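Visitor: I would like to learn how to read a model like this one. Could we go through it together?

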Amino acid sequence: MKTFTKILALAVLAGATSILFVGCASDGHDHSGHSHGAAAKPYPLNTCLVTGEAFEHGKPYTFIHDGQEIKLCCKDCLADFNKEPAKYLSKLNAPK
Ligand SMILES: [Zn+2]
């Protein structure tokens with residue numbers, strides 16, 4: 001009987017976890033901290049966010065960071081960006 005109670009508790013726990021997961025897919029919580037593939041804020045610059053240089057061959061390395069589109073001149077800059085994302089993101093928000 002004790003074992004049955006344990007299994008029941010685990011089942012309830014697993015059920016609660018899946019409900020949380022489903023909840024994430026629906027509206028009703030703040031999505032600003034993570035992206036669900038929705039439209040990101042467009043990258044406002046024409047230069048690499050890390051080096052500030054023009055994109056080589058006109059083909060920037062593009063990705064989405066926290067709902068903000070980021071463009072870098074090459075994939076190597078991604079390593080630098082990931083070291084200090086806040087520092088580079090502040091460049092985007094700095095007044096012109
Ligand atoms: Zn680069």
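Visitor: Where is the place of G52?

Guide: First, some ground rules. This is a predicted model, in which local features need pLDDT of at least 70 and side-chain atom pairs count only at pLDDT 80 or more, while totals for chains, interfaces and linings use all residues. Residues are numbered from 1 along each chain as its sequence is written. Helices (H or I, at least four residues) and strands (E, at least two) are DSSP runs, numbered from the N terminus. Here, G52 sits in the loop between α1 (2-25) and β1.

Visitor: Is G52 buried or exposed?

Guide: A residue is buried if 20 or more other C-beta atoms lie within 10 Å of its own, exposed if 12 or fewer, and partly exposed in between, with C-beta atoms placed from the backbone. G52 is exposed because it has 10 other C-beta atoms within 10 Å.

Visitor: How do strands β1 and β2 run, and how many bridges join them?

Guide: Two strands pair if DSSP finds at least two bridges between them. Strands β1 (residues 61-65) and β2 (residues 68-72) run antiparallel, joined by five bridges. T62 stands opposite K71 in β2. Two residues lie between the strands of this hairpin, where D66 takes a positive phi near 50 degrees.

Visitor: Which residues make up the largest nonpolar core?

Guide: Such a core is a set of buried Ala, Val, Leu, Ile, Met, Phe, Trp, Tyr and Cys residues joined through C-beta atoms within 7 Å. The eight residues here are C48, L49, V50, I70, L72, C73, C77 and F81. At least two come from β2, and at least two from α2 (76-83).
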